[in-house]
Amino acid sequence: MSIKTSIPKVDGMGLVLGKPAYTDDLAPRDALIVKVLRSPHAHAKITSIDVSSALAIPEIKCVLTHENVPDHVFSRAGQGFPEPSPYDARILNKTVRYIGDAVAVIAGATEKVVDLAMSKIKVSYEVLPAIIDFEEAMDHKVLIHANDETSSMFPIGHDAKRNLAAQYEMKIGDMGQTLDSCDVVIKERYFTQAQAHAMTEPHSAVAYYDFQDRLTIISATQTPFHVRRILAKNLNIPLSTIRVIKPRIGGGYGGKQAIHGEFFVALVTQMTKRPAKLIYTRKEVFTASYTRHQMRIDITLGAMNDGTLKAIDVDILSNTGAYGEHALTVLMVAGSKTLPLYNHVDAVGFRGDVVYTNLTPAGAFRGYGAIQGNFALESIMDELADKLKLDPIELRRKNMIHEGETSKIFEVMGEGTEGTAMTVESCKLEECLDSVLTTLDWQKKYPRTQVDEHTVRGVGLALAMQGSGIPYIDMASAILKLNDDGFFNLLIGATDLGTGSDTILSQIAAETLGVPDDKIIVYSSDTDLTPFDTGAYASSTTYISGHSVRIAAERMREAIVEKANRFFKVTDAQFDGENITAADTVISLKEFATTLYYSQQQEQLVAHGSYVGTKSPPPYMVGACEVEVDKRTGRIKVLEYHGAVDCGTPINPNLARIQVEGALLQGIGMTLYEEVNYLENGSVFNNSFMRYKVPTRMDVGPMHVSFEESYEPSGPYGAKSVGEIGIDTPPAAIANAIFNATGVRIRSLPITSESLWNALNQK
Amino acid sequence: MEVTLIINGDRFSFSATPDEILLDTLRKLGYKSVKRGCDSTSCGVCQILVDGKLVPSCGFLTVRANHKLITTIEGVQEQVREIANYITAEGVEQCGFCSPGHMMSLIALFKEIEHPTMEQVKHYLAGNMCRCSGYEGQHRALANYLEVNNR
């Protein structure tokens, strides 16, 4: 049996041994080096650009500017089609909108000569006033996308004349009347910051013409099929002339969902007919790729004295930076993946504005709005408990969602569009809660323990939910091929980013076929060779792509039996994964397949499956921690973190656990250490790993992750997603623990020693 | 200037510019296990051994390596495989981009400290950033490895 076994990743040993597997490893040796000249101004118009001295250098093969590239307005977001992000970007633009925006692209034989050429490009700018503070952006007199023919494919609230990338509003019930009827109404404001993905492999793209003149792109991307679609459309070439290969990727976390360098290398190769590669520097990753959307979240709760929650109202201001990628959908997820947690309320309100600023664009990032919304909701739940003098656990138990229930939110809010009504058929929130309370020894530690005069410890907790793919949008397909000798190739469009999805999908195929794991040889993510898949995002791979593999494998079983029936002229042949039994004959699959291809009834057996989700069952989680605060300095230490997760059936328990542990650390990083710091002019101050603080192994105490297994009827073998859920709980759990330890409530992330010290000393 | 590098036992003599970085040289020569992560010696993914000592190759000039013994993971495959079995058994290599640097740290660690404690292991690996795993699983794997190999 393959399901629920922790087999090693199929690609693991090769990666650990350092085999060439990533984009830059696979680039042709003679690839031109491509670099990007980036804007030193947060907002400016290019009045002239002189590239003649650069082009005069013999080793320089081409220079791209807004004058010689296709002039289309599009979105780099890398989402499904029609795209829910505004069309507001150009390959290269006459107007630059943040420090780091692309001005020119230079390709040459060596890095040195490209650097030299870059220094010789003369650009004159008309510097425009810039908007750095996102709270001032809406209806500002400066317009960031003033005359740029921006548009959206369907109504997303886009209004460039107000600096609005997107806007959304929904209401359920009568908010005013419900709040009036409540014993207690509390309203608070929370801030979350821009966080950097900080994946270890920088954004990388390679282009070349193969021997048949097909434009081949190797790219560290989460969405090869979207890359192909967006490239073809905006380069004005047929989709059929492009091949996108996704090799191994050194981490993505949402940051590689978008188009980054692909246009530039493709254009260089088009113009020069030579291979080209663009590997971002770490500084470029920080300043010119993506951040998490910074948010200001106003949240109001209405409740009765006994703790019955009656109303939740949320109003968000989100900062999308210079371009509106994922603007609407991240905003909506802040509500759609948090509000159903408390599904018994009479009234829910959710609205938000996503504004443009002259900063590095925001984009997809693990948690995708849910982590921002969760910080506000799960913090204010503790604030409400405090106000009502109730136990925060009891308050949650009284109001939280349970198996068999539903929430109107599922129906009203999707990602970019309306949602899909859904009953929660698997939800072990109660069990998750009990589990972390026991393992953390909550009763003994709540709310605080005084260690010594200055040192105090506190415990805190948060619930969370996420989703599993986007219903009716995320689609995946798989092809299985039986080979002579009785092993199979599994071809999938699904994009393994290091999560282990190639392995998990192989396990699903092996389980369905009843064959050992090593009989499945997987090949993923090549737009020429593998079937379509929308890509690795929205926690979709196990759930959506897993189903497509299951379907393909079921059909393969049927095909084997059908062929065996014809072969042995029977009607009841059986296939048990190893042997085929027909009447009195037993023949191994190995022998059968070999005979089938070489000598008799010669026909290749191939099966395919494709799947689109009709619901998005949430995984659930409870995260709880104990923190220690030194009141003299504000130093905060996470002593231990406990997470209990309901992701349905963990297909590969080890890989599921690592997903949660890794996500927890990213969440702890966001809570305590990480922030993209902008200087007054809009440049990123901490644009290196020297200055941007990602937690190391010395920074946090032990983590304890456990699974409260459920069976999701709509999932492959009962599985739900697990990729994102782990990141959601740390901000609120840690903030709640700090409050329980010190009595001080921090509502702005990151919670640094400095911010806590200031708050402690303002008391 | 003319330099001679001895990489995993193979000798290479060539002309290097004074500002050439060892990371670039190694990748150019085909040692693709040496990854580029940060350009500021702060992530550990480009770590190799020079004369047996662990160094981040993005902060090491090629000319400084003249006549020195350089070891990349390509040169210690069997030794690494032994540790890697524990890492992959835990499923903790995830994207794998940091793994070769991580492994080179371990090779150096086990050379320097015969029977390290987990505390020593964590301290030694502090400069090896991993953004995927959360480290907890790495430590489980290494604790298992030590349990068998420290006996």
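Colleague: Before we discuss this predicted model, what makes a run of residues a helix or a strand here?
Modeller: Helices are DSSP runs of H or I with at least four residues, and strands are runs of E with at least two. On that basis Lys389(A) is assigned to the loop between helix 10 (370-388) and helix 11 (392-399) of chain A.

Colleague: Why is Lys389(A) called exposed?
Modeller: Its relative accessibility is 73%, and exposed means over 50%; Lys389(A) therefore counts as exposed. Lys389(A) also has a positive phi of about 55°, although it is not a glycine.

Colleague: What makes Asp51(B) partly exposed?
Modeller: The relative accessible area of Asp51(B) is 44%. Buried requires a value under 20% and exposed one over 50%, so Asp51(B) falls in between and is partly exposed. This residue, in the loop between strand 3 and strand 4 (53-56) of chain B, has a positive phi near 50°.

Colleague: Why is Ser40(B) called buried?
Modeller: Because its relative accessible area is 14%, and the limit for buried is under 20%, Ser40(B) is classed as buried. Ser40(B) belongs to the loop between helix 1 (22-28) and strand 3 (47-50) of chain B. Leaving aside neighbours within four places in sequence, its contacts are Phe689(A), Met690(A) and Cys58(B).

How values were computed. Residues numbered from 1 in each chain as written. Chains lettered and ligands numbered in written order. Predicted model: local features only at pLDDT ≥ 70, side-chain atom pairs only at ≥ 80, totals over all residues. Heavy atoms only, no water. Buried < 20%, exposed > 50% of the residue type's maximum accessible area, 1.4 Å probe, protein only. Contact = heavy atoms within 4.5 Å.
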